[in-house]
Amino acid sequence: MSNKTINSEQGHWLLAKMGKRVLRPGGKELTLKLVNELDIGHKDAVVEFAPGMGFTAALLLEKKPQNYTGIELNEEAAGLLQKRIHTKEYKIINTSASATGLRDSSVNKVIGEAMLTMQPDHRKSEIIREAYRVLKPGGFYGIHELGLTPDYIDPEVKKDVQQNLAKVIKVNARPLTKSEWCTLLITEGFKIKIIAENTMDLLKLKRIIADEGIFRTLKICFNILTHPKAKRKILEMRNTFNKYEEHLTAFAIIAEK
Ligand SMILES: C[S@@+](CC[C@H](N)C(=O)[O-])C[C@H]1O[C@@H](n2cnc3c(N)ncnc32)[C@H](O)[C@@H]1O
């Protein structure tokens with residue numbers, strides 16, 4: 001799959017094309033919780049994996065950290081962000097979060113949202129390992145990802161959810177249970193500090209209004225209604241999310257090096 005241009009076949013880019021900016025499963029509410037708990041201040045060197053459309057980047061930069069580096073794999077998305085974020089202290093690098101090129105133990109906060117879920121398990125571990133490598137001891141890594149529930153979910157149901165999600169969002173989505181997310185972090189050396197959860201309501205009207213505000217929601221609805229092909233795909237996504245509602249959730253986890 002090319003990571004040069006924004007491929008609007010993929011669910012998140014299709015939603016972005018329709019005007020959606022908040023593209024993570026637990027919405028703005030869970031993002032705010034994560035950012036608040038990370039307690040970013042003037043002395044922090046912050047790295048964000050996969051800033052995407054830059055929604056969380058804007059929240060992070062409001063805190064005026066000493067440094068901010070966004071690591072975005074998609075060349076076009078990185079280019080758009082580079083137009084907005086390009087000072088000596090605040091920058092975007094177009095590369096993979098699994099090999100950032102940043103120095104060992106050079107930052108104290110890493111955050112990444114809705115980007116591990118779409119990686120195969122070995123790549124999830126590589127990215128977590130990279131977060132661990134660039135963090136100073138005592139530094140924090142915050143993630144916000146798609147979850148499966150309950151923890152003892154039937155493996156057949158899990159397979160079914162993963163296959164159907166991958167089919168509709170055109171990304172190999174592999175959400176995990178709470179224990180599985182924690183195990184991945186612990187295996188790479190992290191200690192779990194905080195776990196928060198929110199419902200996975202990405203395409204529910206109430207959540208869209210909460211995330212995007214009323215005017216942007218109207219604009220998104222207008223865009224969807226006037227693009228029949230996109231509308232069909234988004235309805236398909238929504239039907240799949242609804243079908244598996246009882247098994248889908250969103251986790252934010254903060255882990256310490
Ligand atoms: C679903 S979007 C989420 C974007 C943003 N974090 C948010 O929550 O709104 C996934 C993003 O992850 C980026 N991405 C995927 N794999 C990546 C990797 N290995 N390194 C850096 N970025 C990656 C994609 O290009 C895309 O911008």
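What follows is a short chat about charged and aromatic side chains.

Me: What should I know before we start?
Reply: This is a predicted model, where local features need pLDDT of at least 70 and side-chain atom pairs count only at pLDDT 80 or more, while totals for chains, interfaces and linings use all residues. Residues are numbered from 1 along each chain as its sequence is written, and side-chain values use heavy atoms, with hydrogens and water left out.

Me: How many salt bridges does a search of the whole structure find?
Reply: The search finds 16. A salt bridge here is a side-chain nitrogen of Lys or Arg within 4 Å of a carboxyl oxygen of Asp or Glu.

Me: Which residue does Glu9 pair with?
Reply: Glu9 bridges to Lys233, with the closest N and O atoms 2.9 Å apart. Glu9 lies in the segment before helix H1 (11-17) and Lys233 in helix H10 (residues 228-243), so the pair ties together parts that are 224 residues apart in sequence. Helices (H or I, at least four residues) and strands (E, at least two) are DSSP runs, numbered from the N terminus.

Me: Is Lys233 buried or exposed?
Reply: Lys233 is buried, at 14% relative accessibility, and Glu9 is partly exposed at 37%. Buried means under 20% relative accessible area, exposed over 50%, and partly exposed in between (1.4 Å probe, protein chains only).

Me: Where do Asp121 and Lys124 lie?
Reply: Both are in helix H5 (residues 121-134), three residues apart, about one turn of the helix. Asp121 is partly exposed at 33%, and Lys124 is buried at 0%.

Me: Which residues are linked in a network of salt bridges?
Reply: Asp201, Lys204, Arg207 and Glu245 are.

Me: Now the rings. How many aromatic pairs are there?
Reply: The count is three. Rings of Phe, Tyr and Trp (its six-membered ring) pair if their centres lie within 6.5 Å; planes under 30 degrees apart count as stacked, over 60 as edge-to-face and the rest as tilted.

Me: Why is the pair of Phe49 and Tyr141 edge-to-face?
Reply: The planes are at 65°, so the pair is edge-to-face, with the centres 6.2 Å apart. Phe49 lies in strand S1 (residues 45-49) and Tyr141 in strand S5 (residues 135-148). Phe49 is buried at 0%.

Me: Which residues form the aromatic cluster?
Reply: Phe49, Tyr132, Tyr141 and Phe190 form one cluster.
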